[in-house]
Amino acid sequence: MRIGVPREIMDHENRVGIVPAGVDLLVRGGHAVLVQAGAGLGSGISDEDYAKAGAKVVSDAASIWGEAEIILKVKEPLAPEYGMVRAGLVIFTYFHFAAYKALTEAMLEKKAVCIAYETIERADRSLPLLTPMSEIAGRMAVQEGAKYLEKPMMGRGILLGGVPGVAPAQVVILGGGIVGTNAAKVASGLGAWVQILDTNLDRLRYLSDIMPPNVHTLYSTPYAIQESVRLADLLIGAVLRSGGKAPKLVPRGYLSLMKPGAVIVDVAVDQGGCVETTKPTTHSNPTFIVDGIVHYCVANMPGAVGRTSTYALTNATLPYAVELAGKGWKRAARENREIARGVNVVDGRITHEAVAEAWNREYTPLDRVLAA
Ligand SMILES: NC(=O)c1ccc[n+]([C@@H]2O[C@H](COP(=O)([O-])OP(=O)(O)OC[C@H]3O[C@@H](n4cnc5c(N)ncnc54)[C@H](O)[C@@H]3O)[C@@H](O)[C@H]2O)c1
């Protein structure tokens, strides 16, 4: 199989879809790996490193997209890349279809096979390819939030951990999954007062057992959220309905209840965001202000720490990439339900319920496609 790894073109996206160890493994398996020149630079990996591992380094994106049978990347294809997608091409990457209508329509029209990292799902419902990036985004949410709480960044002028004699900041986290837990770890480590809201009581019990005493749990209801946003110096959005749009838990009216200069980091922006006023931003221009509240809504947060993120991501994606290359996507999906859950779009049809629901389109069960 020919596997193509193009350079990412999203703003400040420093990650890359493969590391030299992955190239080596695929080449040992009898596959050819084409890597676009410069693809690894943002992660500190040179073209020579790839070539030494057995990759063919190719200068332009069009050749990679044109020659590869599987495209392995990080972020969803962007508009300049749509034209290079062809029928039957397997694309293994993050898609977040529920947040991007034009992308969904383009991939349907091109009849590509889109296997989304974020919906690869284990039997216990965990999301092994979302987890490493959620760990990073959760930790970063606190770093970024702390920075934008500084006065020169238009924040309230509050130090997250406070100092002796001065109260610390109050950090409210909506969703106690991977992002929320990692955010709570870092915020509590810095000395902030932290509250996590979740609708899953078992998760709250677990968090209450493992977290330090400055982390508090609260069952999530609209009423509880309304009360908690009043407290928040930093509000972190970290909820998820797998594959679907994030529920809007913070309507615009709640912003006037918040302290002026408070910061919202809506990590869930990649699924549309859980705050009504959220709109995607970039690393070049990460924030905007609505009703006196600073919003940070970067959809590719881990891209800023490319070196850490690339290794964390590819540690998790590589076994699946090896299986897809070795078996072809159809056999891999038949034999591995985790991969089957990742198949979102095939041959102009939507094969993931939550994506179909997000755009009010017809849902075709994957088994029907595989049986045909
Ligand atoms: N912006 C970025 O760069 C970036 C990076 C990584 C992950 N993400 C996104 O962050 C979001 C969270 O990811 P995750 O891995 O932590 O998901 P997760 O599934 O581990 O956690 C989500 C949590 O939200 C909870 N939840 C659902 N509805 C809720 C409600 N009404 N109130 C409170 N909690 C509720 C769930 O019970 C669950 O515990 C996802 O949208 C993911 O795509 C964004």
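This is a predicted model: local features need pLDDT of at least 70, side-chain atom pairs count only at pLDDT 80 or more; totals for chains, interfaces and linings use all residues.
Colleague: How many Å separate the centres of domain 1 and domain 2?
Modeller: The domain assignment gives domain 1 as 2-119 + 305-371 and domain 2 as 134-296. Taken over C-alpha atoms, the separation of the two centres is 31 Å.

Colleague: Which helix gives the largest share of the side of domain 1 that touches domain 2?
Modeller: On this side, 15 residues of domain 1 are in contact with twelve residues of domain 2. The elements that contribute two or more residues to the domain 1 side are helix 10 (306-327) and helix 13 (353-358). By class, the domain 1 side holds seven nonpolar, six polar and two charged residues. The largest share, four residues, comes from helix 13.

Colleague: Which are the edge strands of the open sheet of eight strands?
Modeller: The order of this sheet is 3-2-1-4-5-6-14-15, and its pairing is mixed. An edge strand pairs on one side only, and this holds for strand 3 (56-58) and strand 15 (349-350).

Colleague: Which residue in strand 14 is the bridge partner of Ile 115?
Modeller: Strand 6 (residues 113-116) pairs with strand 14 (residues 343-346) in the antiparallel sense, over two bridges. Within strand 14, the partner of Ile 115 is Val 343.

Colleague: Which residue in the turn between strand 14 and strand 15 has a positive phi?
Modeller: Strand 14 and strand 15 pair in the antiparallel sense over two bridges, and Val 346 has Arg 349 as its bridge partner in strand 15. The two strands form a hairpin with two residues between them. The residue with a positive phi, of about 50°, is Asp 347.

Colleague: What is the average twist from one strand to the next in the open sheet of seven strands?
Modeller: This sheet has the order 9-8-7-10-11-13-12, with mixed pairing. Its edge strands are strand 9 (215-219) and strand 12 (287-290). From one strand to the next, the twist averages 20°.

Colleague: What angle does the direction of helix 6 make with that of strand 11?
Modeller: Helix 6 packs on the sheet of seven strands. Its contacts there are with strand 10, strand 11 (263-266), strand 12 and strand 13 (293-296). The angle between the directions of helix 6 and strand 11 is about 155°.

Colleague: Is helix 6 roughly parallel or roughly antiparallel to helix 10?
Modeller: Pro 132, Met 133 and Ile 136 of helix 6 meet residues of helix 10, among them Ala 312 and Leu 313. The contact comprises six nonpolar, three polar and no charged residues. The two axes come within 8 Å and cross at roughly 155°. Angles over 145 degrees count as roughly antiparallel, so helix 6 is to helix 10 roughly antiparallel.

Colleague: Which residues come nearest to the ligand?
Modeller: The shell around the ligand has 19 nonpolar, ten polar and four charged residues. Helix 6 (131-148), helix 7 (178-189) and strand 8 (193-198) each supply at least two of its residues. Helix 7 also lies across strand 7, strand 8, strand 9 and strand 10, running at about 170° to strand 8. Of the 33 residues around the ligand, those that come nearest are Ser 134, Ala 137, Gly 175, Gly 177 and Ser 220.

Note on methods
Residues are numbered from 1 along each chain as its sequence is written. Two strands pair if DSSP finds at least two bridges between them. Domain bounds come from an automatic or database domain assignment. Two residues are in contact if their C-beta atoms, placed from the backbone, lie within 7 Å. Ala, Val, Leu, Ile, Met, Phe, Trp, Tyr, Cys and Pro count as nonpolar, Asp, Glu, Lys and Arg as charged, and the others, Gly among them, as polar. A residue is near a molecule or strand if its C-beta atom, placed from the backbone, lies within 6 Å of it. Axes are lines fitted to C-alpha atoms, for helices over the stretch in contact, and angles run from 0 to 180 degrees between N-to-C directions. Angles under 35 degrees count as roughly parallel, over 145 as roughly antiparallel, 65 to 115 as roughly perpendicular and the rest as oblique.
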